Amino acid sequence: MRFSREIITSSLVPIARQCRRKGWTPRRAGSERVDRRTLCTVVAILLLSIFSCARDGANNAIAADGPSFNEAFRFLEQATFGPTPELLMHVQEVGFEAFLDEQFSMPITDYPALEEIWPPQPPPDCTGTCIRDNYTMYPLQKIFYQNALTAPDQLRQRVFFALDQILVTSAQNPNLRLPSRMTYYLRTLMEGAFGNFSDLLYNVTLNPSMGRYLDMVDSRRANPNENYAREILQLFSVGLSELNPDGTLKLDQAGNPIPTYDQDTIVAFARAFTGWVFAPPPNTGVVNYRDPLAPNQTLHDTNPKVLLYGVTLPEGQTAEDDLNQALDNIFNHSNVGPFIGKRLIQHLVTSNPSPDYVARVSAAFNDNGAGVRGDLPAVVAAILLDPEARNEAPYENFGKLREPVLAVTSLLRNFGTTEATTDFVLGESYMPASLRMDEDVFLSPTVFNFYSSEYVVPGETVIGPEFGIQSTSTSLARINLFYNLVYHLLPISADRPTGTWIDLPLLEEVAGDPPVLVDALNYHMLHETMTDAMREIIIDAVSGISPADLLGRARLAVYLVATSSLYQVQR
């Protein structure tokens, strides 16, 4: 059967009130209430979205031993751009592992293969929206947010976003501001997200956008450019210091970290990467950012090179042989598993994973169970299924500040945002200055991403990478943006024709009863982590609004929960 909005609405209010009268409200922190898997599950899920889905037959029933609502909620916070009612129900039905298998095999919602017809500089007749659509990240950012909010292959989209912040290029480089150039790098990451890290590293290395961004293209034997060699080692693979399998530092006899490589190693890799140029252009007057870089043997340094572990590339090899062997040398270094594994954990699950957690993920990188090294689906599964990730009572420092992009997408997906309530123009370049939070997608200020993976929270001893862009101004911008989204106040413009907002018709139906409203939001937005003190504060605030203004009550409740520290920190 298909549930209509009218059926949901007519049945929801009496159920919610009965939940409240009989003490069946969703359990709060410190509460002993346990009868919550029947009526109150229905209340919390159906209350917050116009939820339409088939539920006929035994095959669609939630398995008795499947994940609970809260378990599914936490899992989807880590594996997607935010839980939705449909996905919550589905994960409860099929379980975590089956959901991952579905996601790994799902068709790719990719970036477009744009035709390269635009020259490096706008022609005289290209002005206004022509420049916006062909010389800025505007169209690619719209696609990013559309994918994040609506694409079915959510796990790939989330891993892609993590990889884009690890293997960084940026349209801050004026050569990469054309969507027809950057899109092919994004496709490389998207298509490689569920492949092997060795293949991904190879494809990234020969991608023209990376070649231009870190200067490997046209690097030649007479003057090898060290930029890509330095960053592929420091940021993309092994890091500065030798690591144990659990990600902790290896120390020498004096207790000092052991460098992974030295300047001579950087020079050797730079020489190994010489002799690569843009492939022939597809059209007159443009540069080929579509096809991989092509070898030019006359520019290649053919002298011996000493790499990691003292491996020597022999004299007289081709550019292809040197590059392949150099990348194999990097890929097989013992640091890669813990280095890349920890960074993926930080982007998906928690900023401060324990050494044991890192070691288990590193082991999956080293061997997927079938003797294959670098299998990214095995690594992602190990991250998301790990006991540390799935523990519903995690240790004190577990979790991560929701970076700006995830803060926005989580809130919008919580409330079923669709094409009807957004134009997907959420890139910060096209937002009012007061709403910018310093994470403008595809426009990282440096190769180190928007924030450092090793950033320590001021005044603390714990790592909190996302706090690197959490300042007084960006904190206020976050609050202001959420206010605009909740209260439907985001200004429109020629670039942002309809804006983005949260539609709350079903919350209005129960806003006459503030405790029911707040308990439902606790269940749906915080997976029952709201404290008693916070609950009472929000109930008092909502009760202060006239009962005649049900939408005002609903909006205030959502706004107060969304801007709370409990919501802003993903645990």
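The model is predicted, with local features needing pLDDT of at least 70 and side-chain atom pairs counting only at pLDDT 80 or more, while totals for chains, interfaces and linings use all residues. Residues are numbered from 1 along each chain as its sequence is written, and side-chain values use heavy atoms, with hydrogens and water left out.

**Pocket and cavities**

- A pocket here is an open set of points on a 1 Å grid over the protein atoms alone, with protein on both sides within 12 Å along at least five of seven lines. A cavity is a set of points where a 1.4 Å probe fits but cannot get out, and lining residues have an atom within 4 Å of a point.
- Grid points are joined across faces, edges and corners, and a volume is the space filled by probe spheres set on the points.
- The largest pocket holds about 720 Å³ of space. Of its 33 lining residues, Phe339, Arg343, Gln346, Ser453 and Glu454 are the closest to the centre.
- Helix 8 (154-166), helix 15 and helix 16 (355-366) are the elements that give two or more residues to this pocket's lining. Helix 15 gives the most, with six residues. Helices (H or I, at least four residues) and strands (E, at least two) are DSSP runs, numbered from the N terminus.
- Searching the whole structure turns up six cavities of 30 Å³ or more, and the largest cavity has about 80 Å³ of space.
- Around the largest cavity sit Tyr145, Pro404, Val405, Val408, Leu426, Glu428, Met431, Leu435, Met437, Glu439 and Leu481. These divide into nine nonpolar, no polar and two charged residues, and helix 19 gives the most to the lining, with three residues.

**Salt bridges**

- The whole structure has 15 salt bridges, each defined as a side-chain nitrogen of Lys or Arg within 4 Å of a carboxyl oxygen of Asp or Glu.
- Glu454 forms a salt bridge with Arg343, and their closest N and O atoms are 3.3 Å apart. This pair links distant parts of the chain, 111 residues apart: Glu454 is in the loop between helix 19 (404-414) and helix 20 (472-486), and Arg343 is in helix 15 (residues 336-348).
- At 39% relative accessibility, Glu454 counts as partly exposed, whereas Arg343 counts as buried at 13%. Buried means under 20% relative accessible area, exposed over 50%, and partly exposed in between (1.4 Å probe, protein chains only).
- Arg187 is partly exposed at 22% relative accessibility, and Glu191 is partly exposed at 41%.
- Asp322 forms a salt bridge with Lys305, with the closest N and O atoms 2.3 Å apart. Here too the pair links distant parts of the chain, with Asp322 in helix 14 (residues 319-331) and Lys305 in strand 3 (residues 305-306), 17 residues apart.
- Both Asp322 and Lys305 are buried.

**The disulfide**

- The structure holds one disulfide, a term used for a pair of cysteine sulfur atoms within 2.5 Å.
- Cys126 is joined to Cys130, with an S to S distance of 2.0 Å. The torsion about their S-S bond is about -105°, so the disulfide is left-handed.
- Cys126 is buried at 4% relative accessibility, and Cys130 is buried with a relative accessible area of 19%.

**Buried segments**

- Nine of the ten residues of helix 17 (residues 376-385) are buried, so this helix is largely enclosed by the rest of the structure. The buried residues are Leu376, Pro377, Ala378, Val379, Val380, Ala381, Ala382, Ile383 and Leu384.
- Gln78, in helix 3 (residues 69-79), is buried at 1% relative accessibility.
- Leaving aside residues up to four places away in sequence, Gln78 touches Arg158, Leu348, Val349, Leu384, Ala389, Arg390, Phe398 and Gln570. Contact means heavy atoms within 4.5 Å.

How values were computed
Nonpolar A, V, L, I, M, F, W, Y, C, P; charged D, E, K, R; others polar.
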